[in-house]
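User: I would like to learn how to read the strands, helices and charged pairs of a model. Please take one feature at a time.

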Amino acid sequence: MPVAGIDVGSVAAKAVVLDEEKKIVLGRAVLPTGWNSREAGEQVMQAACRAAGVETAALRRVVGTGYGRVALPFADKVVTEISCHARGASWLFPATGVVLDIGGQDSKVIAVEDGAVQDFVMNDKCAAGTGRFLQVVSGILGMELPELGLAAAAGKPVSISSMCAVFAETEIIGLLAQGTAPADIAAGVFLSIARRMRGLAARVPLRRECTFTGGLATSPAFSRLLAAELGVPVNVPDDPQTVGALGAALVAAR
């Protein structure tokens, strides 16, 4: 019987349909969350079921997670995204000891042992180290995330000294007014976020393998930069945005 996990984040809603017995992913989907978490959850569930070739009514169990998990009345159970990212990352990379997750509104470093959370630290006080901040930067520079990553890889990073997203935005606008190349600004922003993540990771000992999840992990340029800042190799799943939903599906299967 198929089971499903839904991860409704502040920026994107993700769903994974899993074969309960064989633990095989049958289908997955990612959609913008928008303003209505419940509607986003329903739509992404339907999209994942279409991809899996199953009816939503055929799902044996549904587990919800993420920022909008409380808005999913059809979920049989809800679990924190920290637990789900730990379980999903460990299923993909069994030697995972630390999960690095950069989401839309926060960033987390999770110490893991056999898929179970041992400890975690989170930065949810400021948007400057999150995907939401990159959305703002993308708008200022007129680039989508893939283009922003390519620009950052080619640019020479300028210093982004502001630790607040609002002030950093003002600083970036000022740099543009001074004639600073957008690629150099993109490189500076990526480096700033990577260093914030390094500072957060310093509070949890890096052991065994590190696995990077979340929307920002879809950028190869940032993944390489993060690994360089941490000084250790970093695993990046093929579909890093759906790791939390995968973890929720594994909880549903259990």
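User: In which sense do strands S1 and S4 pair, and over how many bridges?

Analyst: Keep in mind that this is a predicted model. For a pair of strands, look at the sense of pairing and then at the bridges. Strand S1 (residues 2-8) pairs with strand S4 (residues 62-65) in the parallel sense, and four bridges join them.

User: What is the strand order of the open sheet of five strands?

Analyst: The order is S3-S2-S1-S4-S5, and the pairing is mixed. The edges are strand S3 (25-32) and strand S5 (77-78), each of which pairs on one side only.

User: Which helix lies across S1, S2, S3 and S4?

Analyst: That is helix H1 (residues 37-52), which runs at about 145 degrees to S3.

User: How do I read a hairpin, and how many residues lie between S6 and S7?

Analyst: Take the two strands, then what connects them. Strand S6 (residues 96-102) and S7 run antiparallel and are joined by five bridges. Their hairpin has four residues between the strands. Ile102 has Ser107 in S7 as its bridge partner.

User: Over how many bridges does S7 pair with S8?

Analyst: S7 and strand S8 (residues 116-123) pair over seven bridges in the antiparallel sense. Within this pair, Lys108 has Met122 in S8 as its bridge partner. The hairpin of S7 and S8 has two residues between the strands, and Asp114 there takes a positive phi near 55 degrees.

User: Is strand S7 mostly covered or uncovered?

Analyst: S7 (residues 107-113) is mostly covered, with six of its seven residues buried. Glu113, by contrast, is partly exposed, at 31% relative accessible area.

User: What does Glu113 form with Arg208?

Analyst: Side chains of opposite charge can pair when their charged atoms come close. Here Glu113 and Arg208 form a salt bridge, with their closest N and O atoms 3.4 Å apart.

User: Which residue meets Glu229 in a salt bridge?

Analyst: Arg195 does, at 3.7 Å from N to O. Glu229 is in helix H7 (residues 220-230) and Arg195 in helix H6, so the pair ties together parts 34 residues apart in sequence. Glu229 is buried, with a relative accessible area of 18%, whereas Arg195 is partly exposed at 45%.

User: Which residues are linked with Glu20 in a network of salt bridges?

Analyst: Arg60 and Arg61 are linked with Glu20 in that network.

User: Which side chain of opposite charge is nearest to Asp19?

Analyst: Lys22 is the nearest, 5.3 Å away. The cut-off for a salt bridge is 4 Å, and Asp19 is buried yet has no salt bridge. Asp19 lies in strand S2 (residues 12-19). Leaving aside neighbours within four places in sequence, Asp19 is in contact with Met1, Ile24 and Leu26.

Methods: Residues are numbered from 1 along each chain as its sequence is written. This is a predicted model: local features need pLDDT of at least 70, side-chain atom pairs count only at pLDDT 80 or more; totals for chains, interfaces and linings use all residues. Side-chain values use heavy atoms; hydrogens and water are left out. Buried means under 20% relative accessible area, exposed over 50%, partly exposed in between (1.4 Å probe, protein chains only). Lys and Arg count as positive and Asp and Glu as negative; His and the chain ends are not counted. Contact means heavy atoms within 4.5 Å. Two strands pair if DSSP finds at least two bridges between them. Axes are lines fitted to C-alpha atoms, for helices over the stretch in contact, and angles run from 0 to 180 degrees between N-to-C directions.
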